[in-house]
Amino acid sequence: MAQYLISVLHDDPATVNADPEERAAISAFNRQMQADGQWVFAGGLASPESATVVDGRDGTPVFTDGPYVETKEYLVGLWIVEAPDLDVALRLAGEGSKVCNRRIEVRPFL
């Protein structure tokens, strides 16, 4: 089985957190994936303003507050799933998009 990153994207900083109905649907979706043996990990993320960028390429790390890049959309959560192929991962992503009411990006791990 391959592993896939299912990224949850959003564009409204005022509604980073899921509402109670979305949280309940997400929890049910997570439980179903766990029961089906597809769930590896899932988590929500704090707002982009809470990010710290670390650049240690020149030897001494430099820490910068705020998101890495200014963008309209940003990552608000993720799932890591196991699926036999991309079609199954895309089906899971479609279900995830519906339950969290957000756009989704799917990428396989190398």
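Arginine 102 lies in the loop between helix H2 and strand E6. This is a predicted model, in which local features need pLDDT of at least 70, side-chain atom pairs count only at pLDDT 80 or more, and totals for chains, interfaces and linings use all residues. Residues are numbered from 1 along each chain as its sequence is written, and side-chain values use heavy atoms, with hydrogens and water left out. The protein has two helices and six strands.

**Overall fold**

- Along the sequence, the elements follow the pattern β-α-β-β-β-β-α-β.
- Helices (H or I, at least four residues) and strands (E, at least two) are DSSP runs, numbered from the N terminus.
- Along the principal axes, the C-alpha atoms fill a box of roughly 45 × 35 × 20 Å.
- Residues 24 or more positions apart account for 76% of the contacts with a separation of 6 or more. Contact here means heavy atoms within 4.5 Å.

**Surface and charge**

- The protein has 110 residues, and 29% of them count as buried. Buried means under 20% relative accessible area, exposed over 50%, and partly exposed in between (1.4 Å probe, protein chains only).
- The protein carries 9 positive and 17 negative charges, whose mean positions are 4 Å apart. Lys and Arg count as positive and Asp and Glu as negative, while His and the chain ends are not counted. Each charge is placed at NZ of Lys, CZ of Arg, CG of Asp or CD of Glu.

- Arginine 102 counts as buried because its relative accessibility is 9%.
- Asparagine 101 counts as exposed because its relative accessibility is 55%.
- Phi of asparagine 101 is near 60°, a positive value in a residue other than glycine.

- Cysteine 100 lies in helix H2. Its relative accessible area is 3%, so cysteine 100 is buried.
- Leaving out residues up to four places away in sequence, cysteine 100 touches Val8, Glu22, Ile26 and Trp79.
- Arginine 23 sits in helix H1. With 43% relative accessibility, arginine 23 counts as partly exposed.
- Cysteine 100 and arginine 23 are 77 residues apart in sequence, yet their C-alpha atoms are 7.4 Å apart.
- Arginine 23 and aspartate 12 are 11 residues apart along the chain, and their C-alpha atoms are separated by 17 Å.

**Serine 7 in strand E1**

- Serine 7 belongs to strand E1 (residues 2-10).
- Serine 7 counts as buried because its relative accessibility is 6%.
- Beyond its neighbours within four places in sequence, serine 7 is in contact with Leu75, Gly77, Leu78, Arg103, Ile104 and Glu105.

**Valine 69 between E4 and E5**

- Valine 69 is in the loop between strand E4 (62-65) and strand E5 (74-83).
- At 47% relative accessibility, valine 69 counts as partly exposed.
- Valine 69 and alanine 42 are 27 residues apart along the chain, with 23 Å between their C-alpha atoms.

**The largest pocket**

- The largest pocket holds about 320 Å³ of space. Grid points are joined across faces, edges and corners, and a volume is the space filled by probe spheres set on the points.
- A pocket is an open set of points on a 1 Å grid over the protein atoms alone, where a 1.4 Å probe fits, with protein on both sides within 12 Å along at least five of seven lines; lining residues have an atom within 4 Å of a point.
- Its lining counts 17 residues, of which Ala18, Ile26, Gly44, Val76 and Gly77 lie nearest the centre of the pocket.
- Helix H1 (20-35), strand E2 (39-44) and E5 each supply at least two lining residues.
- E5 gives the most to this lining, with four residues.
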